[in-house]
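Please look through the sequence and the model below before reading on. The paragraphs that follow begin with a pair of side chains and then turn to the fold and its surface.

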Amino acid sequence: MSAGLARGAMRAAVWNARAALLYSLGGWTMLGAMLHYRSRGGGGESGAGPENESDPQATQGAHKEVFTRETALGFRVTTVITYKDVQPPITQLLRRVKSFFDSDDSPPSEN
């Protein structure tokens, strides 16, 4: 009877190891895909390079809020919050993946 229990425990351990390997493979694949997507500039939709803050076209849709306060010791602390209309590349990737799996009842496009 104990041999059957040991064999069942061994099979469970092997199955657990296979599941862990598959799970880690999927996690590393997703991480690699996201890093690759990010290094390629988000698919080329928003430009093919790092964003330049001094470029007037890059900051055209930005909205800034500036908060200034003085501390008890006389120091002046300025906080600048910049809101941009550009979505981060990871959000674009997630929307693409979601749109691939979303089913709609419309016929496929001709393009």
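A salt bridge is counted where a side-chain nitrogen of Lys or Arg lies within 4 Å of a carboxyl oxygen of Asp or Glu. The structure is a predicted model, in which local features need pLDDT of at least 70 and side-chain atom pairs count only at pLDDT 80 or more, while totals for chains, interfaces and linings use all residues. Residues are numbered from 1 along each chain as its sequence is written, and side-chain values use heavy atoms, with hydrogens and water left out.

A search of the whole structure finds one salt bridge, in which the side chains of E70 and R76 meet at 3.5 Å, N to O. Both E70 and R76 are exposed, a term for over 50% relative accessible area, with buried meaning under 20% and partly exposed the range in between (1.4 Å probe, protein chains only).

The protein has two helices and two strands, taken as DSSP runs numbered from the N terminus (helices H or I, at least four residues; strands E, at least two), and from the N terminus on these elements run α-β-β-α. Strand β1, residues 63–70, pairs with strand β2, residues 76–83, in the antiparallel sense over eight bridges, where pairing requires that DSSP find at least two bridges between the strands. H63 stands opposite Y83 in β2. The two strands, β1 and β2, form a hairpin with five residues between them, and in the turn G74 has a positive phi of about 95 degrees.

Across the protein, buried residues make up 4% of the 111 residues.
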